[in-house]
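Here's a quick briefing on a protein model for you to explore. Have a look at it first, then read on.

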Amino acid sequence: LKAAKGLVFYVSLCFICGILFGYFVVAPLTVQFFASFQISSSIENNFTISSYMGTIISTVFYTGLLFLMPIAIFILAKIGLIDVDFLRKYRRHAIVVILILAAVITPPDILSQIIVSVPIIGLYEIGILVAKRVSKKTEIEQ
């Protein structure tokens, strides 16, 4: 029961931090990009409140989900599917996947992609530290 309370706390904390990052950093970049985006001067952009809200909500939600990466790594390490060596070995692959995910959830400019990907790479590194702690705790218990 105590472990479940701790897990709920950290899941909530990570998700809320992700939502705040998405709302205050990613969403303004997205809105600014789409407001200035123009295919041609003869084509007028007509934005509706539903498309605006849909963009904001999906951007914020997916950023919140990405911030749950350390929790996912913790759970996978706890059940033995991944370990520290695996995470370190495939670090480069993870960075490529993170850059692709950042490109999907941000507008197509490199600055916003970097602004989103750097914290997520940091979360991956935190996940490595979490997996290291889980493996040490498992060794002590055995």
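Let's start with the largest pocket, which has a volume of about 640 Å³. This is a predicted model, where local features need pLDDT of at least 70 and side-chain atom pairs count only at pLDDT 80 or more, while totals for chains, interfaces and linings use all residues. Residues are numbered from 1 along each chain as its sequence is written, and side-chain values use heavy atoms, with hydrogens and water left out.

**The largest pocket**

- A pocket here is an open set of points on a 1 Å grid over the protein atoms alone, where a 1.4 Å probe fits and there is protein on both sides within 12 Å along at least five of seven lines.
- Its volume is the space filled by probe spheres set on the points, with grid points joined across faces, edges and corners.
- The largest pocket is lined by 17 residues, and a lining residue has an atom within 4 Å of a point.
- Nearest the centre of the largest pocket you'll find Leu7, Tyr10, Phe74, Val130 and Arg133.
- Three helices, α1 (2-36), α3 (69-78) and α6 (110-141), each supply at least two residues of that lining; helices are DSSP runs (H or I, at least four residues), numbered from the N terminus.
- The top contributor is α6, with seven residues.
- Sorted by class, the lining has twelve nonpolar, one polar and four charged residues. Ala, Val, Leu, Ile, Met, Phe, Trp, Tyr, Cys and Pro count as nonpolar, Asp, Glu, Lys and Arg as charged, and the others, Gly among them, as polar.

**Helix α6**

- With 32 residues, α6 reaches 46 Å from its first C-alpha to its last, close to the 46 Å expected at 1.5 Å a residue. The expected span is 1.5 Å times one less than the number of residues.
- The buried residues of α6 include Val116, Ile120, Leu123, Tyr124 and Ile128; buried means under 20% relative accessible area, exposed over 50%, and partly exposed in between (1.4 Å probe, protein chains only).
- Covering the buried residues of α6 are elements including α1, α2 (49-66), α3, α4 (84-89) and α5 (91-105).
- Why does serine 117 count as buried? Because its relative accessibility is 3%.
- Leaving aside neighbours within four places in sequence, serine 117 is in contact (heavy atoms within 4.5 Å) with Ile98, Leu99 and Ala102.
- Glycine 122 also lies in α6, but glycine 122 is partly exposed, with a relative accessible area of 30%.
- Glycine 122 and asparagine 45 are 77 residues apart in sequence and 37 Å apart in space, C-alpha to C-alpha.

**Helix α1**

- The 35 residues of α1 should span 51 Å at 1.5 Å a residue, and its end C-alpha atoms are 50 Å apart, so the two agree.
- There's a bend of about 40 degrees in α1 at glycine 22, taken as the angle between axes fitted to the seven residues ending there and the seven starting there.
- Glycine 22 is among the buried residues of α1, which pack against α2, α3, α5 and α6.
- Threonine 30 sits in α1 and counts as buried because its relative accessibility is 4%.
- Not counting residues up to four places away in sequence, threonine 30 touches Thr55, Thr59, Ile105 and Pro107.

**The loop between α1 and α2**

- Asparagine 46 lies in this loop and is exposed, with a relative accessible area of 62%.
- From asparagine 46 to alanine 35 is eleven residues in sequence and 10.0 Å in space, C-alpha to C-alpha.
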